[in-house]
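Could you walk me through a few features of this model, one question at a time?

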Amino acid sequence: MALRADFPLTSEQLLRHMLGSRDAVTIIRGAAGTGKTTLEQEIGEALAEAGVPVAALAQSTGAVEELRDGAGFANAATIARFFKDTRMQDSVKGGVVLVDEASLVGTRDMLRLFEIVRDQEARIVLVGDKRQHRSVSAGEPLKLLEERAGLPVAEVTEIIRQEGDYLKAARALSDGNTAEGFAELDRLGWIKEIPHAGRYVVLAQGYLSAILEKDKKGQNKTALVVSPTHAEGGRITKFIRDALKADGKLGEERTLATWVPAQLTDAQKTDAANFEPGDLLQFHQNAPGHKNGSRLVVAEGARLPLPFAERFEVYRPAQLALAAGDRLRITSNGKTKDGKHRLANGALFTVQGFTPQGDPIIDRGWVIAKDFGHIA
């Protein structure tokens with residue numbers, strides 16, 4: 001089936017196109033609410049039925065969990081793990097590498113993926129939408145492939161998640177008609193403009209009200225709070241936690257030392273002037289004198305491994321108040337205190353309490369060492 005760019009297809013047509021294509025690179029664009037996860041599941045089942053090996057990858061831990069739990073790819077993994085795991089790379093020989101949320105992949109990672117796929121004589125299927133999330137690292141290769149390389153894009157456009165008037169707003173936003181989409185949401189009464197002085201209080205009350213509501217299955221709903229800056233996010237979190245405390249939903253509280261990403265680029269990490277005493281260097285690759293996973297706390301006048309800046313990340317010390325009942329987010333890969341369970345970057349847990357030594361106890365009885373630090 002010959003396609004021009006942005007050719008709209010039904011899910012069935014798109015599945016046939018993907019399975020019948022001989023292209024080394026295939027792009028599938030699925031706007032929010034179009035049933036992309038179900039489509040990925042169908043792709044996985046069809047490839048398995050045909051005996052074609054497949055590796056399902058994503059940049060974020062949340063997307064990997066969706067690939068596992070929603071789309072049925074039991075061995076789904078992050079792109080970072082795929083790069084390190086040569087056995088996983090070898091397992092896709094002559095098969096398909098499916099990349100979810102491909103718009104999050106930067107230029108360097110995309111190039112490395114292409115090189116691995118070429119070496120394994122495999123194909124790569126990029127699932128994503130350049131109009132949604134963008135890569136944190138440099139470059140927008142998905143956009144370049146679409147707009148500059150002229151790679152055909154198969155697109156699923158039918159939105160099935162939303163209904164009624166909400167569907168109108170979702171469709172407008174999906175098509176890039178932001179003003180029209182917001183106007184429809186405003187007409188539905190779902191946009192509220194609040195004076196600066198009282199907005200945090202109203203937001204906290206709205207959050208509490210939302211999480212007490214029940215969905216169609218009788219389970220408590222979840223609520224998402226988005227802030228444009230970390231500083232404002234911290235203030236909003238304090239208001240919500242104060243409201244949760246007043247409502248008796250938070251228990252025993254401890255203050256833990258944590259590490260906050262300094263967000264330094266590789267170039268910035270080669271300049272000693274960008275480091276402060278007390279900063280943490282955590283290595284994600286071996287370097288002379290330092291093993292993968294080791295830590296180095298910066299001391300005044302210490303000699304730093306600046307020539308190996310691409311092999312470590314930099315963190316700044318901070319304090320975090322944590323209570324039983326809080327939702328906790330892992331901010332860097334690690335393991336539980338006993339070393340038996342993996343803590344994936346981005347994973348969410350609920351704090352159940354603390355050990356006598358002050359270590360947080362989370363879901364399933366797992367214990368996180370109080371000096372782990374990579375939590376928010």
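Below are some questions and answers on this predicted model.

Q: How many helices and strands are there in the chain?
A: Happy to start with the overall inventory. Both kinds of element are present in the chain. The count comes to eleven helices and 17 strands.

Q: What percentage of the residues of the chain count as buried?
A: A residue counts as buried when its relative accessible area is under 20%. The chain has 376 residues, and the share of them that passes this test is 40%.

Q: What share of the contacts with a separation of 6 or more comes from residues 24 or more positions apart?
A: Here we look at contacts in the chain whose partners have a separation of 6 or more. Within that set, residues 24 or more positions apart account for 63%.

Q: Are helix 8 and helix 9 roughly parallel or roughly antiparallel to each other?
A: Helix 8 covers residues 164-174 and helix 9 covers residues 178-187; their axes come within 7 Å and cross at roughly 160°. Angles over 145 degrees count as roughly antiparallel. The relation of helix 8 to helix 9 is therefore roughly antiparallel.

Q: How do the residues of the contact of helix 8 with helix 9 divide into nonpolar, polar and charged?
A: Helix 8 contributes Asp165, Tyr166, Lys168, Ala169, Ala172 and Leu173, while helix 9 brings Thr178, Glu180, Gly181, Phe182, Glu184, Leu185 and Arg187. Sorted by type, the residues of this contact are six nonpolar, two polar and five charged.

Q: Is Thr258 buried or exposed?
A: You will find Thr258 in strand 8, which spans residues 253-261. Leaving out residues up to four places away in sequence, Thr258 touches Arg316, Pro317, Ala318, Gln319, Leu320, Gly373 and Ile375. The cut-off for buried is under 20% relative accessible area. Thr258 has a relative accessibility of 5%, so the residue counts as buried.

Q: Where is Glu121 found, and is Glu121 buried or exposed?
A: Most residues other than glycine have a negative phi. Glu121 has a positive one, near 55°. Glu121 sits in the loop between helix 6 (107-119) and strand 6 (123-127). Its relative accessible area is 62%, and over 50% counts as exposed, so Glu121 is exposed.

Q: What is the relative accessible area of Arg364?
A: Arg364 is a residue other than glycine with a positive phi, near 65°. Look for Arg364 in the segment after strand 17 (360-361). Arg364 is exposed, and its relative accessible area is 68%.

Key: Residues are numbered from 1 along each chain as its sequence is written. This is a predicted model: local features need pLDDT of at least 70, side-chain atom pairs count only at pLDDT 80 or more; totals for chains, interfaces and linings use all residues. Side-chain values use heavy atoms; hydrogens and water are left out. Axes are lines fitted to C-alpha atoms, for helices over the stretch in contact, and angles run from 0 to 180 degrees between N-to-C directions. Helices (H or I, at least four residues) and strands (E, at least two) are DSSP runs, numbered from the N terminus. Angles under 35 degrees count as roughly parallel, over 145 as roughly antiparallel, 65 to 115 as roughly perpendicular and the rest as oblique. Contact means heavy atoms within 4.5 Å. Ala, Val, Leu, Ile, Met, Phe, Trp, Tyr, Cys and Pro count as nonpolar, Asp, Glu, Lys and Arg as charged, and the others, Gly among them, as polar. Buried means under 20% relative accessible area, exposed over 50%, partly exposed in between (1.4 Å probe, protein chains only).
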